[in-house]
Amino acid sequence: MSAPKAGGYQLDKVVEQFRAEGRIVIVGASLAGLRAAEALRDKGFNGSLTIIGDEPHEPYDRPPLSKQVLKGWVPADHTKLPRLRPVDATWKLGVAAVGLDRINHVVKLANGEDIGYDRLLIATGTRARPWPNPQEGALQGVFTMRTVEDATGLSAALKARPKRVLIVGSGFVGSEIASVCRDLDLNVTVAERGKGPLMGALGGVISEIAAGMMRDAGVDLRTGVAVQGLSGDSSGHVRQAHLSDGSVLDVDVVVASLGSIRNVEWLDGAGLAAGPWGVGCDAGCRAFDINGVVTDHIFVAGDVARAPHVLYDYEFIAQEHWDNAVFGAEVAANNMIHLEVGRRPHLPLPSFWSGQFGVNIKSVGVCSFGDEIVFTQGSPSERRFAAAYGKRGRIVGAVTFNHGKWLPYYASLIEKSAPFPPPPPGYDRPADAEVMPARFPDPREPAGNPDVVLTGHDPTDRSAEFRPRA
């Protein structure tokens with residue numbers, strides 16, 4: 001019995017020494033990066049802490065940018081995240097990480113600096129997908145929505161009372177911006193290549209309700225059409241949009257809401273499992289290498305992480321949600337300064353909310369994992385309801401419109417893998433509670449990008465490319 005005690009004592013000494021003298025580098029001055037830094041200090045890490053961010057700003061809150069900021073309620077530069085405690089870190093802002101040397105434990109920066117680490121947290125998040133034609137995207141009046149600068153520019157453009165705003169894409173961000181435009185009494189057209197708004201995230205049944213909300217609010221919603229090109233005037237300001245159905249729109253402002261790109265390019269050649277859907281990691285936030293072997297010193301958190309989830313057939317899930325960033329950062333921080341027996345998993349139940357057209361939309365679970373849906377409470381015609389999603393006889397997700405108080409009830413059912421359709425809640429039952437197909441689009445069809453993406457291997461996909469470390 002003495003040998004295990006001695007071994008345990010030695011391990012304790014290693015942990016204590018790392019907490020006192022170790023070097024942790026966080027790449028990503030984001031929500032996840034900041035919360036991880038705070039958690040590290042809370043858990044007794046007293047070593048060197050460096051936070052790297054490509055933007056010049058300290059971590060700020062992104063959800064208000066497409067809501068309160070555009071309405072003029074809050075200036076874009078007033079969205080800085082509150083500090084929950086001092087982090088005593090070295091901040092390197094406005095300089096991007098451009099490479100990772102795993103052999104020597106070094107992060108390479110764009111300014112030529114090398115930053116050494118003992119533990120590394122990748123929290124680089126996502127960026128807005130730009131307009132595909134760079135020349136057209138450079139026209140004045142063409143915007144994306146991701147950063148403080150994006151929100152500042154678009155807010156000013158909307159305040160100038162444009163004659164027509166065109167929003168390309170009808171995911172959550174595009175729909176929220178359309179709602180703001182109508183609140184500001186601006187003419188707005190939404191062009192969606194797919195069959196309807198929110199289709200990729202919530203399926204066709206809910207998409208039809210969302211489309212009705214848009215049109216009733218006065219939005220010119222056009223589905224099944226793509227914007228093939230933009231043209232500007234002699235001063236370089238966007239003036240027209242050319243649609244795939246042959247129509248031409250006169251526009252003053254264009255918002256490209258085309259989804260997001262995960263910031264992984266700086267990891268090229270590092271030999272990590274990094275790709276379009278993020279950086280693969282285990283449930284303890286430890287990054288996988290390109291062969292699926294877990295690393296010991298590299299961790300991942302936030303939008304850029306993709307990890308297997310026990311409730312969803314161990315498919316890899318990438319989540320662009322606040323809770324995922326916060327709780328994932330806390331788990332990563334814990335596991336960076338603990339050895340095996342002190343580590344814990346990050347198995348979040350995805351949840352999100354969106355306010356648009358006077359309706360508070362909330363969801364829990366992975367709705368797009370399901371293939372059936374049933375309205376369980378309220379009235380879909382009144383846009384006040386709860387609906388559950390199911391797959392193979394169990395509940396996997398739920399969405400509410402102006403009925404959010406019941407979301408914890410559905411979350412508890414999902415966590416227990418309760419049967420689908422779920423048991424009746426007891427009151428406020430809808431007139432029609434029949435199970436029906438949820439009508440999610442084929443993954444190959446164009447649709448608004450969901451905030452939760454299932455990224456498990458598709459055996460019919462033969463496009464994978466093995467890229468050994470340079």
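Guide: Let me begin with a definition: a residue is buried under 20% relative accessible area, exposed over 50%, and partly exposed in between (1.4 Å probe, protein chains only). This is a predicted model, in which local features need pLDDT of at least 70 and side-chain atom pairs count only at pLDDT 80 or more, while totals for chains, interfaces and linings use all residues. Residues are numbered from 1 along each chain as its sequence is written, and side-chain values use heavy atoms, with hydrogens and water left out.

Visitor: What makes the pair of W406 and Y409 edge-to-face?

Guide: Rings of Phe, Tyr and Trp (its six-membered ring) pair if their centres lie within 6.5 Å, and planes under 30 degrees apart count as stacked, over 60 as edge-to-face and the rest as tilted. The ring centres of W406 and Y409 are 5.3 Å apart and their planes stand at 90°, so this pair is edge-to-face. Y409 also forms an edge-to-face pair with Y410, at 5.0 Å centre to centre and 75° between the planes.

Visitor: How do you know whether Y409 and Y410 are buried, exposed or partly exposed?

Guide: The relative accessible area of Y409 is 24%, so Y409 is partly exposed, whereas Y410, at 1%, counts as buried.

Visitor: What makes K391 a charge over the ring of F369?

Guide: The criterion asks that NZ of Lys or CZ of Arg be within 6 Å of the ring centre and within 35 degrees of the ring normal. K391 lies over the face of F369, at 4.2 Å from the ring centre.
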